[in-house]
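The sequence and the model come first, and the description follows.

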Amino acid sequence: MTMPIKIRESSPLHWALRVVGVSALAAIAVYFASNAAPSTLGKITEACTLAIAAVSLNLLLGFNGQISLGHSTFAGLAAFTAGYSVNAWHWNPWVSLGVACVLCFALGLLLGLPALRLKGPYLALVTLAVAFVWPTVARKFLQQTVKASTLKGMRLRPPTWTGLANNRVDRALFLFWLSLVLLVITYAIVRNLRKSRIGRSLVAVRDNETAAAVMGVNLPFTKTVTFGISAALAGVAGWLAAAQLATLDENSFSILTSIKYLLALFLGGAATLAGPVVGAFTYFFADDLLKTNAPKWDFLPGPLSKGPVASFLLGVLVIVFVFIAPLGLVGFVKAQGRKLAVVVPPPLRPAPKASDPTAHASPAPAGEVE
Amino acid sequence: MTPERAPLLEVRDLVAGYGAVQVLTGLDITVAEGEVAVMLGANGAGKTTTMRAISGMINRKGTITFRGEALTRRAPDEIVRMGIAQVPQGRGTFTDLTVEENLRAGAYVRKGSGIEADLEEWFGVFPRLRERRSQKAGGLSGGEQQMLAIARALMSRPKLLLCDEPSLGLAPIITQELFDVLKRLNTEQGLSILIVEQNANLALRIAHSVFVLETGSIVASGTAQEISNNDAVRTAYLGY
């Protein structure tokens, strides 16, 4: 067996690889921005929106171990907040983004409270209930406050400094870049959280609550605030959806939306940083490809023989995936990649000088442990 | 004769349990500064409950005094800051974090400087951990995980280390090494240690004082020598 190549973290080589990776992604984005049709840009925008939601769910479920089937509700709340405040009160859309995130954060904190006492399937049930209640709340809101069956989406005008006009093509281009920027910001927030002391405490709580608590991690605080932050980030996805959709109604953010977030997360790989992004794009474009190109198979039984078999094939794809790559695409690639190259941490800073009063004598090394 | 040492931890009339179930019914122990105290007890005697009561994980009544300060009403994070670290039963390493991240998590209550120097120090004491620094803790052997759990607890720079059944699930030779390490931490760094154990043989060898716990209270206490000579304890825990 060949030894994997060792790359030292933050070494010039490591940085070079990072720069190459980021530039490649940026080049792809620029290529699409200058060549793709508005409809394609719209699809990428949708995939980015799904990715933001999956990243937000990853923070909660992947890293902190709290399941939520209610993330569609946070997205819905943010979308309705944006749609209504911009249309009825003529708010600045950017203000509505801030307000939507704050509202989602508060609702997330609230939902995080029962989550303190519940785990696994029980927490899934409570959050499922929230996802089920949302359409009813949305319908009441539409009937009583909006007095219409739908709420208009939020039309974002490209700011003048972008040099983009307020027409269909330029708006698509603007939304494309905006969704990418928001995805990068969301990703950066979760990445920096994960790499920090707070991030270690999140994973610690997930892996062993008792050990985390005796290490000084405040469990209720950590868990509820994580729920809140995750909800606020899901709100970003909802706000972005309100900018893309012409109309919003009570079914725009149903339990199926939550399931979609979960699928995207697990396809890409929960508890990995890139997983939810990769998963969201994979899911979205696999779904899209199947919907537009699915064959009609007469030999299939029952209702499947009548129409295209897109959802059937997507289901099969998901099941096959779970078997081949249970850790998700990114988990799978990481496991394979580890055979080729590993990133090793840099050496530690040297121990303090002998004059340091806090330094104390170390005992001799312990014997080898099997 | 060991000279009289100042008490570091004093537990008086400790009552604790889970909901309606009372596990500890008036427990008294004293751990002196710089000593290794061992609490022996069978399954269900209340060993882990005692640990959890001291580290603030469960509601408790009675008085617990650490370096002269009462900690009965304090939360776990305050207790860690005061200088009590716990190695939980079954090690409780964070399997998805790397060895280094586990150690850094151990320094959760500390801010800023000295953490890297401490990492370096414990990697010196536990060279196997240095070798596995960037590996996930879940891939370590049981013995390595126990060492990691101890090193992680030490990252909070405790004055008192609580070890909950460190020998659990380890091969005898590994347990032996483990107790050697604990012994050295005590003699070379002056770390005070409270160990709860069923493995009386090994524990008695490094203990200064010993408490025997039965159904929620201490039934015998004394020096390791005295307890080893106690007939009841010998038949119950040493098997001869």
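In this predicted model, A:Ala51 touches A:Leu183, A:Pro276, A:Val277, A:Ala280 and A:Phe281, leaving aside residues up to four places away in sequence. A:Ala51 also belongs to the largest nonpolar core, which has 173 residues. Together with A:Ile52 and A:Cys104, A:Ala51 touches the most other members of that core. The element that gives the most to this core is helix H2 of chain A, residues 38-63, with 15 residues.

A pair of helices in chain A comes next. Helix H10 (residues 255-268) of chain A packs with helix H13 (residues 328-337) of chain A at an angle of about 5 degrees, and their axes are 3 Å apart. Because angles under 35 degrees count as roughly parallel, H10(A) is described as roughly parallel to H13(A). On the H10(A) side the contact is made by A:Phe266, A:Leu267 and A:Gly268, and on the H13(A) side by A:Gly328, A:Leu329 and A:Val330. Sorted by class, this contact has four nonpolar, two polar and no charged residues.

In chain B, the description turns to a strand. Strand S3 of chain B spans residues 36-41, and six of its six residues are buried. B:Val36, B:Val38 and B:Leu40 point one way from S3(B), while B:Ala37, B:Met39 and B:Gly41 point the other way. Residues on both sides of S3(B) are buried.

| Partner of S3(B) | Residues | Sense | Bridges |
|---|---|---|---|
| S8(B) | 192-197 | parallel | five bridges |
| S9(B) | 209-214 | parallel | five bridges |

B:Ala37 has a place in both pairings. In S8(B), B:Leu194 stands opposite B:Ala37, and in S9(B) the bridge partner of B:Ala37 is B:Ser209.

The last topic is where the two chains meet. Here 33 residues of chain A are in contact with 45 residues of chain B. On the side of chain A that touches chain B, helix H7 (197-207) and helix H8 (209-214) of chain A each supply at least two residues. H7(A) provides the largest share of that side, six residues. By class, the side of chain A that touches chain B has 18 nonpolar, nine polar and six charged residues.

Note on methods: Residues are numbered from 1 along each chain as its sequence is written. Chains are lettered from A and ligands numbered from 1 in the order in which they are written. This is a predicted model: local features need pLDDT of at least 70, side-chain atom pairs count only at pLDDT 80 or more; totals for chains, interfaces and linings use all residues. A nonpolar core is a set of buried Ala, Val, Leu, Ile, Met, Phe, Trp, Tyr and Cys residues joined through C-beta atoms within 7 Å. A residue is buried if 20 or more other C-beta atoms lie within 10 Å of its own, exposed if 12 or fewer, and partly exposed in between; C-beta atoms are placed from the backbone. Helices (H or I, at least four residues) and strands (E, at least two) are DSSP runs, numbered from the N terminus. Two residues are in contact if their C-beta atoms, placed from the backbone, lie within 7 Å. Axes are lines fitted to C-alpha atoms, for helices over the stretch in contact, and angles run from 0 to 180 degrees between N-to-C directions. Angles under 35 degrees count as roughly parallel, over 145 as roughly antiparallel, 65 to 115 as roughly perpendicular and the rest as oblique. Ala, Val, Leu, Ile, Met, Phe, Trp, Tyr, Cys and Pro count as nonpolar, Asp, Glu, Lys and Arg as charged, and the others, Gly among them, as polar. Two strands pair if DSSP finds at least two bridges between them.
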